[in-house]
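Hi everyone, thanks for coming. Let me put the structure up, and then we'll walk through a few places in it together.

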Amino acid sequence: PPQGKLVICPDDFNNDNASPKLAYKFEIYTMEPESNTYVYVDANTGTILLEVPRMYSITGRAETRFSGVQSIETTYLLGKYYLRDNTRCDGQTMIKTFDLQNDSTIPIWSKRITDDDNNWTAAEYYATREDAALDAHWGAEMTIDYFYDKFKRKSIDDQNKTIKNYVHWKTDYNNASWNGYVIKYGDGNAYAQPFVALDIVAHEIGHAVTQFSAELVYKNESGAINESISDIWGACVTRYVSSSKDIWKIGEDCCAGYSWYWGAYALRYMDNPNACSDPDTYGGWYWQDYNLNSSDNGGVHKNSGVMNYWFYLLTQGGSGTNDHGYNYDVVGIGFDKSEQIVYHALTKYFTQKTDYSLAAVYTIASAIELYGVCSDEANSVIAAWKAVGVAPHVDMDIQQYLLLTNDISEATSILYRAVDSIKATNVIYAGATVS
């Protein structure tokens with residue numbers, strides 16, 4: 001147990017005329033939630049007189065690898081500044097960033113990343129790629145801010161769960177991943193930059209949000225949708241930060257200077273999936289038939305192109321002819337509405353085995369609930385799915401209601417426009433018909 005040191009302290013630190021008290025001074029350190037605090041206990045009564053935090057948040061300056069100079073929140077303790085932020089979601093969510101030192105396991109005690117003056121410069125960290133921690137830390141801050149600002153979501157689980165970033169995962173590792181508990185970032189290799197770009201950080205945190213929302217099985221179509229939703233959050237967070245980056249490219253920073261190796265200037269193109277040999281049409285060119293080829297868990301990265309392009313069309317709009325010869329013309333509704341539709345569908349409707357057909361149903365249902373039956377937004381959701389070769393059957397799992405605001409006579413005929421089919425029930429007035 002901690003040993004107290006006998007000291008004299010005032011009974012009220014805010015009162016200059018306070019009475020001195022004999023007290024025991026304890027230094028209490030806790031791991032979860034992490035804190036370091038001096039606690040003063042009245043030696044005679046056992047009453048706690050004062051608690052003095054020894055760790056406190058302070059804003060630092062970070063020269064990130066991919067996003068220029070940014071402000072980051074750090075924690076000061078015993079003359080060092082740590083990549084530890086406890087200010088997100090109005091001080092309820094914590095972000096910690098650690099160095100795995102190229103280990104392939106996550107030890108109980110990982111190296112904490114510190115700086116002496118809270119000015120994290122490229123001169124100190126760029127050459128050894130240690131600046132990857134700055135991008136991961138700042139990117140996590142921006143992503144958590146995005147979900148809190150847009151959806152009032154408190155961290156990945158909506159319960160203020162701590163975000164743990166681990167940089168320098170393995171050696172020459174060209175990837176990043178959410179493993180169900182923490183996020184791991186590889187350093188890249190001779191042909192790639194570290195995998196800590198803003199959209200990649202948002203992508204991985206997006207997987208965590210999906211896990212705590214819908215638990216989409218990471219295989220075949222549900223896995224492709226899982227990947228696509230993470231790409232969608234990558235685009236949305238990039239746009240939210242208002243950086244100069246290309247919103248519709250995923251991971252372009254990691255490919256910078258190495259396009260001859262990757263074969264493209266980004267890992268994925270949401271506005272043109274074919275540029276990376278990914279499909280933009282369900283069952284069309286580049287579609288991986290997971291019944292014949294189970295690689296990459298049934299093509300989860302490749303087949304994500306279909307929903308990626310759907311989201312692009314829904315947001316930006318576009319016209320053309322898909323791989324099945326269908327001519328489309330989609331009116332874009334903008335990010336502010338398209339991201340709300342996706343989040344609503346993910347958190348209210350999506351389940352573990354949601355496939356593309358159900359994803360269409362659920363996003364249409366979300367658009368209807370948010371913006372109304374036959375609204376422009378709902379129509380654009382439907383048009384965008386048809387553009388990527390997914391025919392939505394809206395009568396499967398959702399119900400549409402015709403709301404009558406006026407009295408109708410027996411001779412009134414009501415015309416109600418439906419997408420595929422309509423079933424009339426509970427027609428109250430005798431003689432009224434529904435077509």
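So, the protein has a mean pLDDT of 88, with 86% of its residues at 70 or more; pLDDT is the predictor's confidence in each residue, from 0 to 100. This is a predicted model, where local features need pLDDT of at least 70, side-chain atom pairs count only at pLDDT 80 or more, and totals for chains, interfaces and linings use all residues. Residues are numbered from 1 along each chain as its sequence is written, and side-chain values use heavy atoms, leaving out hydrogens and water.

Please be careful with residues 394-399, where pLDDT stays under 50.

Now the helices, which are DSSP runs of H or I with at least four residues, numbered from the N terminus. H3 (residues 132-151) packs against H4 (residues 198-213) at about 55°, axes 9 Å apart; axes are lines fitted to C-alpha atoms over the stretch in contact, with angles from 0 to 180 degrees between N-to-C directions. That makes H3 and H4 oblique, the class left over once under 35 degrees is roughly parallel, over 145 roughly antiparallel and 65 to 115 roughly perpendicular.

What about H10 (residues 335-348) and H11 (residues 356-371): at what angle do they cross? Roughly 120°, with the axes coming within 8 Å, so H10 and H11 are oblique too. Their contact includes His344 of H10 and Tyr362 of H11.

Last stop: Thr75, in strand S6 (residues 69-77). Its side chain reaches the backbone oxygen of Arg84 at 2.7 Å.

Definitions and conventions. Contact = heavy atoms within 4.5 Å. Helix = DSSP H or I, 4+ residues; strand = E, 2+ residues; numbered from the N terminus. Polar contact = N/O pair within 3.5 Å; in protein donor to acceptor, adjacent residues only side chain to side chain.
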